Amino acid sequence: MSTHEVAVTGLGVMAPHGAEPDALFNALLQGRSALAPVFPELPKPAAAATVAFDETRWFTKLQLAGVDRVSQLAVAAADLALRDAGLAMSDDGVDAERVGVYAGCGMGGAAALEAAYRGNGRVSPLTIPAFMPNAPAAHVAMRNGVLGPVLTYSVACASSSVAIAEAAKAVQRGEVDIAIAGGSEALIVPGVVLAWQAMQTLAGFQPGEAAGAVRPFATDRSGFALGEGSAFLILESAERARARGARRYATLAGWGLSSDATHLTKPDAPGQARALRAALRQAGLQPRDVGYCNAHGTATRIGDVVERNALAEVWGGDFDALRVSSTKALHGHMLGAAGAIEALITVLALHRRELPPNANCSAIDPDCQMNLVALGDSAAPTLDAAISNSFAFGGTNSVLLFRKG
């Protein structure tokens, strides 16, 4: 069976920093946080990063019935990605049966579920189709007339990273011509925030300090803040991209998947190292060939140390040359969509040869010592390969490795 090189030819995003990939990236370069206080009625302060989204750009009022925000964001981001790739399902040479949707979604339509719980006995008959986790992928497929595989991966924080890896396999093997790959999450509702607060994983902050609440790898880190959004990448074979004269942002050269098989919520460095090595092995690269890591970096006390140790184990003597940052400090933790937006950011870092900073880290934890990208030190003129890490509750680890061009 022949295999194909996998090209990234389109990017689409609905993020707390906006709907333009370059505008999002520029905001990150400047260290602009999208975190702000939410739900002042809750017993404890909460911060989150939300999307200013005008659903009327993509839906009529009639179409919105039974379509949760998580699916609305997905439809918009996928549409923007297809446009960016210069593709439409009506184009000559696009066979709808050879197009696939591969979407990650961790928890589905939270707004629909919250409305059902709080409806005083009045529950919409469309609640189930609105909150099912595969609704975003289904809506993307229906909107675009996709007749090939339409698949959803629900793997907590690794959901959309896994989806992108599975999409790349399908393109590589020639199972599909075009993959619309990414994810969506929209969980900023009181019940979900309360549940995460109960786990004691969300960052605390003083009044007026929500924007800087998330401090990955810092001595004073205290957890993450939730974010919402959606991001999709268009993947197709390099041959197909060349034939139609498409712009190539990057090549998805390797991916690694592993399981810790140790604990549902506590990460494991050896498990993460296995995924990192698998991605390098598939790409045919050595650790020293990879210049940047968009870290999972949730700013939790345990998670940041474990990730640092996994990277140090794999990179060995080349570890100091690897530049690292976690962009969750600025756009929040999007859970099922995190892998997709962070993959998109990693692709842009390669394409532009600029690196987003590891924000809000005034003092690095001694146990997290590594070459963190500082604000204003973004230039990476020789960057040729970069990775994006997604390490999930449940012990699933997913690493995507991109090469320039």
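Helix axes here are lines fitted to C-alpha atoms over the stretch in contact, and angles run from 0 to 180 degrees between N-to-C directions. Helices (H or I, at least four residues) and strands (E, at least two) are DSSP runs, numbered from the N terminus. The model is predicted, so local features need pLDDT of at least 70 and side-chain atom pairs count only at pLDDT 80 or more, while totals for chains, interfaces and linings use all residues. Residues are numbered from 1 along each chain as its sequence is written, and side-chain values use heavy atoms, with hydrogens and water left out.

**View 1. Helix H6 packs with helix H12.** H6 (residues 159–172) and H12 (residues 338–352) pack at an angle of about 65°, their axes 5 Å apart. On the H6 side, Ser160, Ser161 and Ile164 meet Ala338, Gly339, Ala340 and Ala343 of H12 (contact means heavy atoms within 4.5 Å).

View 2. Look in H7 (residues 190–199) for Pro190, Val192, Val193, Trp196 and Gln197, which are buried (under 20% relative accessible area, with exposed over 50% and partly exposed in between; 1.4 Å probe, protein chains only). These buried residues pack against strand E3 (46–49), helix H3 (110–117) and strand E7 (226–227). Just past H7, Gln200 has a positive phi of about 60°.

**View 3. Strand E1 is largely enclosed by the rest of the structure.** In E1 (residues 6–14), 9 of the 9 residues are buried. Strand E8 (residues 229–237) runs antiparallel to E1, joined by 8 bridges (strands pair if DSSP finds at least two bridges between them). Here Val13 has Ala231 as its bridge partner.
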